[in-house]
Amino acid sequence: MRHRVVVVGAGFGGLFAIKALRHADVDITLVNGTAYHLFQPLLYQVATGILSEGEVAPPIREVLRRQKNVDVRLGWVRDVDVEAKVVSVAGPGIDYTVEYDTLIVAAGASQSYFGNDEFADHAPGMKSVDDALELRARIFGAFEVADLHTDPETIERWLTFVVVGAGPTGTEMAGQIAELAHRNLRGQFRHIDSRKARILLVDAVGSVLSTFGDQLAGKAERQLAKLGVEVRTDTRVVAVDATGIEVESGGRRERIPAMTKVWAAGVAAPPLAARLAAETGAKTDRAGRILVEPDTTLPAHPEIFVLGDMMSLAGEDGRPLPGVAQVAIQSGRHAADQIKRRLAGKESGQPFRYFDKGSLATISRFSAVASIWKLRLSGFPAWVVWVAVHLFYLVGFKNRVTAVLHWFVSFLGRGRSERVATQQQAFARQAIRAYGDPFRRASGAEAEVG
Ligand SMILES: Cc1cc2nc3c(=O)[nH]c(=O)nc-3n(C[C@H](O)[C@H](O)[C@H](O)COP(=O)(O)OP(=O)(O)OC[C@H]3O[C@@H](n4cnc5c(N)ncnc54)[C@H](O)[C@@H]3O)c2cc1C
């Protein structure tokens with residue numbers, strides 16, 4: 001029997017590990033909660049009508065169709081029996097198990113509301129296709145509803161958008177909503193002026209894009225101000241409800257009436273991380289990520305690799321590696337390399353060395369910031385780098401072509417190709433919460449994973 005590798009998660013970590021094992025003498029079983037790979041960095045463009053969900057979420061089977069040593073299976077891994085070397089999976093209406101010799105766990109991260117999970121009903125996060133489609137429905141819907149009202153206060157409430165979290169995702173969302181209001185939707189409504197929309201970007205820390213350094217953060221803030229985004233730093237969100245948000249800054253509490261809120265702050269390890277830690281005795285950090293050995297395996301379990309957003313590992317500067325795509329991609333390749341070395345009888349256990357290629361964030365069309373080695377770029381040059389990098393990593397040739405077409409429509413023209421939002425996209429979260437997911441109920445998995 002060939003060596004069996006089970007990979008949990010078809011994100012950047014899992015997918016790149018699998019691709020690096022394409023010529024290896026192994027049988028791989030990939031278990032993923034969805035049937036598609038999700039390119040999270042472009043989710044905000046799905047939420048703001050630039051790209052379709054299909055362009056950022058290609059089917060895993062199609063991506064891996066030529067790799068004959070992989071069996072793709074749909075389902076959420078609920079547990080790992082490290083003694084028996086078996087993972088238990090809750091599929092849609094069917095539970096099953098898969099045995100492994102080597103296990104790669106790359107289940108990513110979940111949204112964290114810092115203990116206020118009830119905020120999710122009113123401020124969707126930005127982690128899944130469902131989140132992005134719900135936000136699309138809420139954002140475009142807000143302009144439509146505002147156009148129906150005559151009371152100025154009500155109109156203002158519908159035209160106020162609050163984005164919580166001024167990291168790259170929040171900054172990109174705020175910039176895109178501002179561009180929608182001021183440029184794309186301009187002149188399309190007869191009763192409201194979309195340019196009167198108010199877009200706030202709120203964060204508890206002292207600057208936007210704080211990880212990019214003071215110089216780029218300052219530039220990003222100026223670019224946002226030019227777009228009409230109100231930046232509120234050193235401001236903590238203390239309450240969120242259907243019609244507004246409450247913030248606290250310098251000891252002063254303020255209520256901001258706003259129908260549309262976006263949560264782009266905080267990540268936490270997925271539920272599987274706690275299970276795996278309990279099962280193996282591995283330690284976790286404050287975000288619940290699993291502390292791994294330098295070679296990304298679990299202590300006393302060299303047969304289990306934990307990768308990407310789920311792992312906690314210090315980089316060469318002693319600080320924890322960030323939850324970014326490059327860490328996941330490179331750790332995936334590292335795990336594959338370790339497996340191949342072991343199968344070839346070579347010495348293994350080499351530490352994972354992360355090569356930081358830099359960071360990028362867009363603010364709006366033709367405007368971004370980039371920190372690449374010692375180079376600091378902003379404005380149009382940074383945006384060109386951003387386009388090139390995202391096209392390079394977007395999975396699938398077809399998706400690259402259609403993404404470019406849609407970028408032409410939105411950035412050179414004034415259109416948004418993907419404005420359709422259905423009732424189901426807008427309201428399904430509440431319905432699923434109320435009635436439960438029928439497949440998960442049938443499999444007894446309830447809402448524990450995903
Ligand atoms: C909105 C957004 C924007 C981002 N922008 C950038 C950016 O511009 N640049 C950048 O470098 N990084 C960015 N990131 C971060 C980057 O996407 C992550 O660091 C990267 O995706 C991590 O890869 P991963 O493989 O660890 O996890 P993921 O890519 O999250 O993949 C995890 C996979 O595991 C699956 N899964 C989870 N739990 C289970 C389970 N129990 N059983 C089975 N399957 C499971 C999920 O369905 C998913 O497919 C962004 C993230 C988000 C959310």
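Biologist: Where does the ligand lie, given domain 1 and domain 2?

Modeller: Both domain 1 (3-33 + 75-109 + 269-343) and domain 2 (117-267 + 358-419) give residues to the shell around the ligand, so the ligand lies between them. Those bounds come from an automatic or database domain assignment. This is a predicted model: local features need pLDDT of at least 70, side-chain atom pairs count only at pLDDT 80 or more, and totals for chains, interfaces and linings use all residues. Residues are numbered from 1 along each chain as its sequence is written.

Biologist: How far apart are the C-alpha centres of domain 1 and domain 2?

Modeller: They lie 32 Å apart.

Biologist: OK, the ligand. How many residues surround it, and which are closest?

Modeller: 36 residues surround the ligand (C-beta atom, placed from the backbone, within 6 Å of it). The closest are G9, G11, G13, G108 and G308.

Biologist: Which helices and strands each supply at least two residues of that shell?

Modeller: The helices are α1 (12-20), α7 (168-184) and α10 (325-343). The strands are β2 (26-32) and β4 (76-81). Both kinds are DSSP runs, numbered from the N terminus (helices: H or I, at least four residues; strands: E, at least two).

Biologist: How do the shell residues divide?

Modeller: Into 21 nonpolar, 13 polar and two charged. Ala, Val, Leu, Ile, Met, Phe, Trp, Tyr, Cys and Pro count as nonpolar, Asp, Glu, Lys and Arg as charged, and the others, Gly among them, as polar.

Biologist: New topic. Which residues of α5 meet α13?

Modeller: L133, E134, A137, R138 and G141. In α13, they meet Q425, A426 and R429 (contact: C-beta atoms, placed from the backbone, within 7 Å).

Biologist: And how do the residues of that contact divide?

Modeller: Three are nonpolar, two polar and three charged.

Notes: Contact = placed C-beta atoms within 7 Å.
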